Amino acid sequence: MVMKCSSVCLVALALLGSLCDAQWGQQDYKPAPSRYQKPSNPGRQEPTKQLPQTPQQSKQEFEVPLTWTYPEDPKPEPQVEVPFELRYPVAAATVAVECREKDAHVEVKKDMFSIGQFINPADLTLGACGAVGEDNAAQVLIFESELHDCGSSLVMTEDSLIYTFVLNYNPQSLGGSPVVRTSKAAVIVECHYPRKHNVSSLPLDPHWIPFSAVKVAEEFLYFTLKLMTDDWQYERPSYQYFLGDMIRVEAIVKQFFHVPLRVYVDRCVATLAPDMNSNPNYAFIESHGCFVDAKVTGSASKFMARTAENKLQFQLEAFRFQGSDSGLLYITCHLKATSSAYAIDSEHRACSYTGGWQEASGANGACGSCDSVSFEASGSSNSGAWGSSGTSTGMANPGRKVRDVSNIEQSEVFEWEGDVTLGPIPIGEKVVA
């Protein structure tokens, strides 16, 4: 028991000594200085911007400087003063009457409108009476009627007896086509018989109106149609035409950066409205460049000889549609352009009929199939034969296609095509006196 108490006392003394040493050591301890800087009081600091690193670049130099530039749209050509004077038709003195004692003797020149084109004798009557004779040497039709026959009328005045006849001209369409190149006319023929003397005279009467415009384009290839003056030197400043006049038209394809191009007038149709599919219509250029108007109607219409590959000129004798009073025409043409290096063939030609078929560039052999072209009257529009649809505003919708040319080693031949509408073109009537 005494041993246990002695052990406990020794342990307690040892613990007390340890505690005193620990308190004394704390009074003498000083910490070593810190190796780290004491953080400063954090205030509002602006973030630092890191400048972007510029990549190292080097300019690439071309051995040969580039010369190609993006083509610009064509600028309107400057207006020039054109020496042009519109020639209005003068009343044609082509009817004469001799008032006899019992009858009237009337003579009418076959060129009734003085436009160089003879009328069909069957289209001219005195009242309801046809011609009784013809003078081939003088090119005159002869009518005779008793004073009370052929639909005459009698008016009595204080001093005279006046017998009035009406010379009626009603042209029929030409060659089965829907067109006429002379207009209806009614010429009043009067025979005055006074109380004591016989007197004859001849009056007349007809009437009409006018207006017009054009243009076309596609990306970097532009087709244009222009009305030209008689000498082909200037664009025509006036659009008024009269029956018997020649409508001169110039088709051009703009070159720009293309290889040299040759332009063709593939097909042209005349209508009363801007829509080329409207009725009546008259296709005067058909079957890839066959100008059939001269063959169908006997006109002087034709292609002119080429003066440049990118230009093609043609003349169309003015006409009106039978039974139409407006006198306005719209002409829609389908134009093609291909490289001038490729030969003229049966699908790329400009053929005119002047007693035989002739090609504008002299390649007459390409016109062989024009004789097989069958004319279709105004009821059908043949619009399916066109390469692309036309527009009544005058803007073309050209496209590009490839044609196979066997004589050029089966190489691809690109051609461009588009429709151009020209109009309205007013056609006035010719006065007869």
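Guide: A residue is called buried here when its relative accessible area is under 20%, and the model we are looking at is a predicted one.

Visitor: OK, so with that cut-off, is Cys351 buried or exposed?

Guide: Cys351 has a relative accessibility of 0%, so it counts as buried, and Cys367, at 2%, is buried as well.

Visitor: What do Cys351 and Cys367 form?

Guide: They form a disulfide, with 2.0 Å between their sulfur atoms, and the link is left-handed, with -90° about the S-S bond.

Visitor: How many disulfides turn up in the whole structure?

Guide: The search finds five, and if the bonded cysteines are numbered in sequence order, they pair as 1-4, 2-3, 5-7, 6-10 and 8-9.

Visitor: Which cysteine is Cys99 joined to?

Guide: Cys99 is joined to Cys191, with an S to S distance of 2.0 Å. This pair links distant parts of the chain, since Cys99 is in strand 1 and Cys191 in strand 9, 92 residues apart. Cys99 is buried at 13% relative accessible area, and Cys191 is buried at 0%.

Visitor: And Cys268 with Cys333, which hand does that disulfide have?

Guide: The torsion about the S-S bond is about 110°, so the disulfide of Cys268 and Cys333 is right-handed. It connects strand 14, which holds Cys268, with strand 20, which holds Cys333, across 65 residues of the chain, and both cysteines are buried.

Visitor: Switching to sheets, what is the strand order in the open sheet of four strands?

Guide: The order is 11-13-18-17, with antiparallel pairing. Strand 11 and strand 17 stand at the edges with a single partner strand each, so one side of each has no neighbour in the sheet.

Visitor: How many bridges are there between strand 17 and strand 18?

Guide: The two strands pair over two bridges in the antiparallel sense, and Lys302 stands opposite Gln315 of strand 18.

Visitor: Last topic, the second largest pocket: what volume does it have, and which residues lie nearest its centre?

Guide: Its volume is about 310 Å³, and of the 21 residues that line it, Phe84, Arg87, Asp230, Arg236 and Asp245 lie nearest the centre. By class, the lining has eleven nonpolar, two polar and eight charged residues.

Technical notes. Residues numbered from 1 in each chain as written. Predicted model: local features only at pLDDT ≥ 70, side-chain atom pairs only at ≥ 80, totals over all residues. Heavy atoms only, no water. 1 Å grid on protein atoms, 1.4 Å probe; cavity = no way out; pocket = protein on both sides within 12 Å on 5 of 7 lines; lining within 4 Å. Points joined across faces, edges and corners; volume = space filled by probe spheres on them. Nonpolar A, V, L, I, M, F, W, Y, C, P; charged D, E, K, R; others polar. Pairing = 2+ DSSP bridges. Disulfide = S-S within 2.5 Å. Buried < 20%, exposed > 50% of the residue type's maximum accessible area, 1.4 Å probe, protein only.
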